[in-house]
Amino acid sequence: MSTTAMQAKPLGKYPYVKRAGDYLFVSGMSARLADGSVPGDVREQTHVVIGKIRDALHTLDADLADCVAITSYLVNMRDFDGYNGVYGEYFSEQGPTRTTVAVHQLPHPDMLVELTATAYKPLK
């Protein structure tokens, strides 16, 4: 099942992904599921989040390979190694630029990681 089917509705009024010319901007994605729950540890959450980003990009005929920048938010930097290991399964050293920021909390008490993405996909 694609993660789109598991996607929770946004907590505010904004789209998951928006095109601006040749660029696609993916809103902050978390592992929060449609039923409001948040699964597992940081590794599982990172897999879910990257899957949601991939699915959001697919709606505009783009893919993870089109990402040029990722911003990551971790509630606890002690989770960095687990998050970083999963991240490396999807992106190589030639992949998008990345910034990782420690945050005090995310909108759900079980959320450990949130990512935003910018992709470049020229209009045809």
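Is S27 buried or exposed? S27 is buried, with a relative accessible area of 18%, where buried means under 20% relative accessible area, exposed over 50% and partly exposed in between, for a 1.4 Å probe and protein chains only. The structure is a predicted model, in which local features need pLDDT of at least 70 and side-chain atom pairs count only at pLDDT 80 or more, while totals for chains, interfaces and linings use all residues. Residues are numbered from 1 along each chain as its sequence is written, and side-chain values use heavy atoms, with hydrogens and water left out.

S27 belongs to strand β2, a strand being a DSSP run of E with at least two residues, numbered from the N terminus. A polar atom of the S27 side chain lies 2.5 Å from the backbone oxygen of P15.

Strand β2 covers residues 23–29, and strand β1, residues 17–20, is joined to β2 by four bridges in an antiparallel arrangement; two strands are said to pair if DSSP finds at least two bridges between them. Within this pairing A20 stands opposite Y23 of β2, and in the hairpin of β1 and β2, with two residues between the strands, G21 takes a positive phi near 65 degrees.

Strands β2 and β5 pair in the antiparallel sense over five bridges, and here M29 stands opposite L115 in β5. Strand β5 is also joined to strand β3, residues 67–74, by seven bridges, and these two run antiparallel, with A119 of β5 as the bridge partner of C67.

How values were computed
Polar contact = N/O pair within 3.5 Å; in protein donor to acceptor, adjacent residues only side chain to side chain.
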